[in-house]
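Subject: Structure handover

Hello,

Here is the structure I said I would pass on. Please open it next to this message while you read.

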Amino acid sequence: MILVVLLVIFLCLVWFSLRYAWWRPAVDSRYPRILMYHMIAAPRPGARFNGLRVSPQLFERQLHWLSAQGWHSFTVSELLAQADRLPEKSFAITFDDGYADNLLRALPLLKKYQCKATLYLVVHRFDRDWSMQRKKHHDQAELKREAKLSDEQVQELLDSGCIELGSHSMTHANFMRMESEAVRRELVESKNALEERFGISVGSFAYPFGLYHPEQVELVKQAGYSSAVTTREGIENAGSWDALELQRIKISGKDNWLAFLLRMRGGRRGWR
Ligand SMILES: [Zn+2]
């Protein structure tokens, strides 16, 4: 009997360790954290993409924690511009795609905690289910049904003074399946469209799905971007980071509080 109990305890410890990788050393707090969000919305029962939905309550708890722990908020471009003189505990919040809740739910909380964010907007974001571009079986149109930011709402975000606008391509295309010329058009046309529509300069890019061939990084540079974020999980030294392939910390709506703290500490959750 006692052996069974010991075995169960042992298996629980293994499970806990693999899930949270608590042994991974903390990354130096002088290295900035770039946090990746999508929607600030309550999870939907049975929905496939609940990882992309961080509830407003959880988002507020995270902002409260960041502020109470003395973290300093920047946009991605500010992080880059000040890379050699960033204070300890610097971070940037990013939102991908352009969901309407970024204005309705996230902005009031960003203002409350005096935080900034970089929004990576898809130009043609309406009536599109980009999850199908990645996996054909994603045919539930779940992301298509999500309300997207109208141009007027994007303008409202910009007027708040807390938001930097970056490009997330024209159509949320999968670069891995595209020729250089088509990728170049996604990069250049989205930058031009956003700059013309909102009268700002767009210097940062987010790879759709985080997918790209290494040689396409040069195209991002040629298109005039000075930074680009990936979906690779990690925390890097701002002194030596590769501005066109920045790693981020994935903030998942499926994570519990411990997982969030460990991601902030080590860049990712789990043993991978
Ligand atoms: Zn996206």
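Predicted model: local features only at pLDDT ≥ 70, side-chain atom pairs only at ≥ 80, totals over all residues.

Residues are numbered from 1 along each chain as its sequence is written, and side-chain values use heavy atoms, with hydrogens and water left out.

K89 is not a glycine, yet its phi is positive, at about 60°. K89 sits in the loop between α3 (76-81) and β5 (90-97). Helices (H or I, at least four residues) and strands (E, at least two) are DSSP runs, numbered from the N terminus. With a relative accessible area of 24%, K89 is partly exposed. Buried means under 20% relative accessible area, exposed over 50%, and partly exposed in between (1.4 Å probe, protein chains only).

D97 also has a positive phi, of about 90°, and is not a glycine. D97 lies in strand β5 and is buried, at 2% relative accessibility.

N50 belongs to the loop between β2 (39-40) and β3 (53-54). At 12% relative accessibility, N50 is buried. What does the side chain of N50 reach? The side chain of N50 comes to 2.7 Å from the backbone oxygen of R44. Leaving aside neighbours within four places in sequence, N50 is in contact (heavy atoms within 4.5 Å) with P43, R44, G253 and K254.

Regards

Terms used
Polar contact = N/O pair within 3.5 Å; in protein donor to acceptor, adjacent residues only side chain to side chain.
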